[in-house]
Amino acid sequence: MTLGMGLIDELRNRLAVAIAAPEVQSFARGLDLEIQFGIDEAAVAIACRNNQPVVSIPSNAPDIALSGPATAWLKVLAPCPPPTYHSFSSIQLRNTSFTVTGNALVIAQARAFLEAVFANLTTPAAHAVEVDLTRLEGRYHRVHSAGGQIAEIYSEATGTGRPVLCLHTAGADTRQFHGVMCDPELGREWRLIGFDMPHHGRSMPPIGWDGSIYQLDQPTYLDWCASFIEQAIGEPVVVMGCSMGAGIAMALAAERPDLVRAVIALEAPVRPRGRRNEYLTHARVNGGWHSAAYVRGLMSPSSPTEDRRRAAWIYSQGAPGIYDGDLAFYSDEFDGEQTAKLIDGHKIPVHLLIGHYDFSATVSDAYALAEWIEGAMVTEMPELGHFPMTENPPKMLDYLRPVFQALRSLPL
């Protein structure tokens with residue numbers, strides 16, 4: 001690719017291919033707007049009219065405009081774009097080389113379309129590896145929280161040996177860990193167990209829920225996790241959580257060390273402020289589309305396209321307000337520094353695994369947390385993003401197997 005008009009022609013051609021993709025066509029439904037893409041002084045546009053996106057000549061009044069220098073667009077159009085050049089949301093929220101303008105509500109309504117466009121600007125990544133889900137055993141547990149609530153909590157488990165509790169991310173459920181849980185090698189020595197938090201996945205709200213706005217806080221989250229360990233597992237566990245699950249895994253180690261043998265924290269944050277968005281639950285925004293798109297931008301472009309799509313699909317199925325309610329804990333309340341400093345690293349080994357494409361929990365976050373926890377180990381994962389166990393299970397297992405090997409010597 002060359003600079004100047006050659007690059008705008010390349011972008012025009014890429015956009016034409018992208019909007020022909022089935023998922024981009026799907027997300028265009030209901031949109032009536034113009035999105036302009038600018039490279040220096042040149043521009044090209046996509047117009048969505050009557051549920052049909054077309055590449056068009058830019059007008060003087062686009063509804064959404066995204067512009068940046070040619071040097072930045074060269075990175076966006078690279079075979080594997082580097083972090084913060086790989087998705088619409090990463091560009092909008094973290095990349096200072098670009099300017100994004102437009103009404104915030106309109107951008108929210110178009111986010112799913114825009115993320116799909118960016119995902120289809122480059123050649124699709126490798127095919128996903130099939131997972132043998134027949135290895136899983138699912139059941140419900142009636143769990144009584146210390147706070148007096150009762151919930152029928154759904155769990156899945158596979159493997160034999162010492163228990164590993166897998167904790168899903170905000171707004172999602174245990175399906176995120178299927179690719180790791182069903183690994184025969186891990187299953188020979190470890191029993192991997194995951195549960196859907198109340199309000200999530202196949203776990204209904206607690207008995208007697210009055211329909212009020214869901215908003216998670218750390219004491220409630222800690223209560224459900226500790227109660228599940230005590231009542232459904234019955235012995236201390238290795239806790240492997242991702243994102244908000246990583247945060248509460250560290251909180252368990254800090255506040256309930258009697259229940260924790262070790263912590264494997266995937267994409268653990270320090271203070272991930274600003275992740276809440278008023279359009280995550282909004283009467284004029286498709287919540288399923290928006291939540292899925294909001295997290296799609298956190299994944300690596302090198303992860304298999306189908307796995308990334310499935311990772312987003314889990315979010316599209318979340319109940320209204322649940323992702324936003326979880327972010328009340330993850331984004332507004334959680335303080336990784338305060339929590340990390342309470343963990344006794346001499347008694348509880350802590351492994352922090354962090355993907356380079358994650359702009360919610362960053363590489364610098366992982367190293368900061370390790371400074372506050374004696375003996376904590378950091379593993380960087382350059383090819384992965386915020387949902388490593390879901391977006392690319394085989395690559396995640398490459399990083400996880402040495403961690404589990406190191407934990408084999410844990411006392412029973």
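## Close-up views of pockets, sheet and cavities

**View 1. The largest pocket of the model has a volume of about 430 Å³.** The model shown in this and the following views is a predicted one. Eighteen residues, given here as 18, line the largest pocket, and of these Val131, Arg175, His178, Asp307 and Arg310 lie nearest its centre. Two or more lining residues come from each of helix H6 (178–181), helix H11 (305–316), helix H15 (388–391) and helix H16 (393–406), and H11 supplies the largest share, with five residues. Sorted by class, the lining of the largest pocket holds nine nonpolar, four polar and five charged residues.

**View 2. The second largest pocket has a volume of about 350 Å³.** Its lining is made up of 25 residues, and those lying nearest the centre of the second largest pocket are His199, Gly318, Ala319, Pro320 and Ile322. Helix H12 (residues 322–333) contributes the largest share of this lining, which amounts to three residues. In terms of class, the second largest pocket is lined by ten nonpolar, twelve polar and three charged residues.

**View 3. An open sheet is formed by eight strands, with mixed pairing, in the order S6-S7-S9-S8-S10-S11-S12-S13.** Strand S6 (137–144) and strand S13 (377–381) stand at the edges of the sheet, and because each has a single partner strand, one side of each is left without a neighbour in the sheet. Averaged over the sheet and with direction ignored, neighbouring strands are turned by 25° against each other.

**View 4. Strand S8 (residues 162–167) and strand S9 (residues 190–195) run parallel and are joined by five bridges.** Within this pair, Arg162 stands opposite Trp190 in S9. Helix H8 (residues 218–233) packs on the sheet, where it touches S6, strand S7 (150–159), S8, S9 and strand S10 (237–242), and the direction of H8 makes about 115° with that of S6. Helix H14 (residues 363–372) also packs on the sheet, touching strand S12 (350–355) and S13, and the direction of H14 makes about 165° with that of S12.

**View 5. The largest cavity, with a volume of about 180 Å³, belongs to a structure that holds three cavities of 30 Å³ or more.** The largest cavity is lined by 18 residues, of which His86, Phe118, Ala119, Pro301 and Arg308 are the closest to its centre. Helix H5 (residues 104–119) gives the most to this lining, namely three residues. The classes represented in the lining of the largest cavity are ten nonpolar, five polar and three charged residues.

**View 6. The second largest cavity has a volume of about 60 Å³.** Among the 13 residues that line the second largest cavity, Ser243, Tyr323, Leu327, Tyr330 and His386 are the closest to its centre. The element that gives the most to the lining of this cavity is H12, with three residues, and H12 likewise gives three residues to the lining of the second largest pocket, where its share is the largest. By class, the lining of the second largest cavity divides into eight nonpolar residues, four polar residues and one charged residue.

Terms used. Residues are numbered from 1 along each chain as its sequence is written. This is a predicted model: local features need pLDDT of at least 70, side-chain atom pairs count only at pLDDT 80 or more; totals for chains, interfaces and linings use all residues. Side-chain values use heavy atoms; hydrogens and water are left out. On a 1 Å grid over the protein atoms alone, a cavity is a set of points where a 1.4 Å probe fits but cannot get out, and a pocket is an open set with protein on both sides within 12 Å along at least five of seven lines; lining residues have an atom within 4 Å of a point. Grid points are joined across faces, edges and corners, and a volume is the space filled by probe spheres set on the points. Helices (H or I, at least four residues) and strands (E, at least two) are DSSP runs, numbered from the N terminus. Ala, Val, Leu, Ile, Met, Phe, Trp, Tyr, Cys and Pro count as nonpolar, Asp, Glu, Lys and Arg as charged, and the others, Gly among them, as polar. Two strands pair if DSSP finds at least two bridges between them. Axes are lines fitted to C-alpha atoms, for helices over the stretch in contact, and angles run from 0 to 180 degrees between N-to-C directions. Contact means heavy atoms within 4.5 Å.
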